[in-house]
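This report describes the fold of a single protein chain, from its overall composition to selected local features. Please consult the sequence and structure below while reading.

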Amino acid sequence: HTRYISVTGVQTCALPISKEAKLFARIDELQRLGQARGIIIFAEPRYLAKYLALRLHHRFAQRGVRVAFATGEGDGFADRLAASLESQQLGSSRTLRSSLGTWEEIREAFQRKPGEPGERADIIVATSRLAVGHNLSAAAEAHIFSMHADAQKLIQQIGRVGRPDGDNFFGRVGQCYYHVTRNTPEWYLFLSAIKKYRWMRSALSESEAFSTEENAGGSPQAQA
């Protein structure tokens with residue numbers, strides 16, 4: 001599926017500037033344009049994904065942006081998680097994990113079209129579990145907040161946006177942003193993954209061209 005991806009945004013940090021600040025600035029920009037929807041943020045490990053979801057919730061909830069998280073071991077909506085944590089601080093009993101939300105609820109909320117009644121999820125913060133086997137056609141933008149050691153995982157994460165059957169509400173070209181700091185271990189993982197990604201795209205393009213030529217030529221029996 002990566003053959004259809006159009007990656008137009010590469011955001012790197014020459015200095016160790018806060019990755020969080022860069023990410024928030026981008027969402028600020030989209031929110032001002034009224035397009036802060038269809039955003040997937042990949043973060044590892046699980047606790048970072050939940051922490052980032054809460055940070056985004058506290059920053060953008062009052063502006064009408066709703067955040068969810070999907071980690072494979074406890075999914076949910078950030079507003080419900082924040083309310084649960086506040087209740088625990090006040091001495092309430094522990095909130096059941098299932099009450100935070102299920103993946104099915106999150107997916108339905110993420111795919112819900114503007115103006116359609118029901119719960120909405122504008123941003124999903126996820127681990128790499130979301131990179132495989134989940135077709136989120138509403139995804140317009142992906143942010144790689146932390147690099148995965150497996151280059152194939154990065155390629156699959158890129159594949160969440162810009163899908164040929166996608167409907168991302170705004171007609172935006174699928175974009176993918178990489179939040180990495182130069183000359184760090186993440187930076188070298190990034191370079192390795194991008195090299196592999198470009199090789200795979202080149203190989204797919206050559207394969208498709210060969211297939212097209214074969215189909216155009218037809219079989220010897222058909223030409224006779």
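## Overall composition

Of the 224 residues in the chain, 44% are buried. The model under discussion is a predicted one. Its secondary structure amounts to seven helices and eight strands. The chain exposes about 11,700 Å², and carbon and sulfur atoms supply 51% of that area.

The contact pattern can be described by separation along the sequence. When contacts between residues at least 6 apart in sequence are considered, 76% of them join residues at least 24 apart.

## The six-stranded sheet

Six strands form an open sheet in the order β4-β3-β5-β2-β6-β7, and the pairing within this sheet is mixed. Its edge strands are β4 and β7 (175–178), each of which pairs on one side only. Helix α1 packs on the sheet and touches β2, β5, β6 and β7; the direction of α1 makes about 165° with that of β6.

Strand β2 has parallel partners in β5 and β6. Four bridges connect β2 to β5 in the parallel sense, and within β5 the residue opposite I40 is I124. Four bridges also connect β2 to β6 (residues 141–144), again in the parallel sense, with I41 standing opposite H143 of β6. Further along the sheet, β6 and β7 run parallel and are joined by four bridges. Here H143 stands opposite Y177 in β7.

Strand β7 can be described in corresponding terms. Q175 and Y177 point one way from β7, while C176 and Y178 point the other way. All of these β7 residues are buried, although β7 is an edge strand of the sheet.

Helix α1 (residues 19–32) packs with α2 at an angle of about 45°, and their axes are 12 Å apart. The two helices are therefore oblique to each other. The contact involves E20, L23, F24, I27 and D28 on the α1 side, and Y51, L52, R55, L56, R59 and F60 on the α2 side. The crossing of α1 past α2 is right-handed.

Helix α2 also packs with helix α3 (residues 78–89). The axes of α2 and α3 come within 9 Å and cross at roughly 95°, which makes α2 roughly perpendicular to α3. From α2, the residues A53, L54, H57 and H58 meet A78, D79, L81, A82 and L85 of α3.

Apart from neighbours within four places in sequence, H57 is in contact with V67, A78, D79 and A82.

## Helix α4 against the sheet

Helix α4 spans residues 103–111, and its buried residues are W103, I106, A109, F110 and Q111. These buried residues pack against β2 (39–42), β3 (67–70), β4 (76–77) and β5 (123–126). These four strands belong to the open sheet described above.

Most peptide bonds are trans. Where in this chain does a cis peptide bond occur? The cis bond joins E44 and P45, with omega at about -5°. E44 is in the loop between β2 and α2, and P45 lies in the loop between β2 and α2 (46–60) as well.

With a relative accessible area of 23%, E44 is partly exposed. E44 and S146 are 102 residues apart along the chain, whereas their C-alpha atoms are separated by 6.0 Å.

Conventions:
Residues are numbered from 1 along each chain as its sequence is written. This is a predicted model: local features need pLDDT of at least 70, side-chain atom pairs count only at pLDDT 80 or more; totals for chains, interfaces and linings use all residues. Side-chain values use heavy atoms; hydrogens and water are left out. Buried means under 20% relative accessible area, exposed over 50%, partly exposed in between (1.4 Å probe, protein chains only). Contact means heavy atoms within 4.5 Å. Accessible areas come from the Shrake-Rupley method with a 1.4 Å probe; for residues, only the protein chains shown count as cover. Two strands pair if DSSP finds at least two bridges between them. Axes are lines fitted to C-alpha atoms, for helices over the stretch in contact, and angles run from 0 to 180 degrees between N-to-C directions. Angles under 35 degrees count as roughly parallel, over 145 as roughly antiparallel, 65 to 115 as roughly perpendicular and the rest as oblique. A crossing is left-handed if the near helix is turned anticlockwise from the far one by less than a right angle, and right-handed if clockwise.
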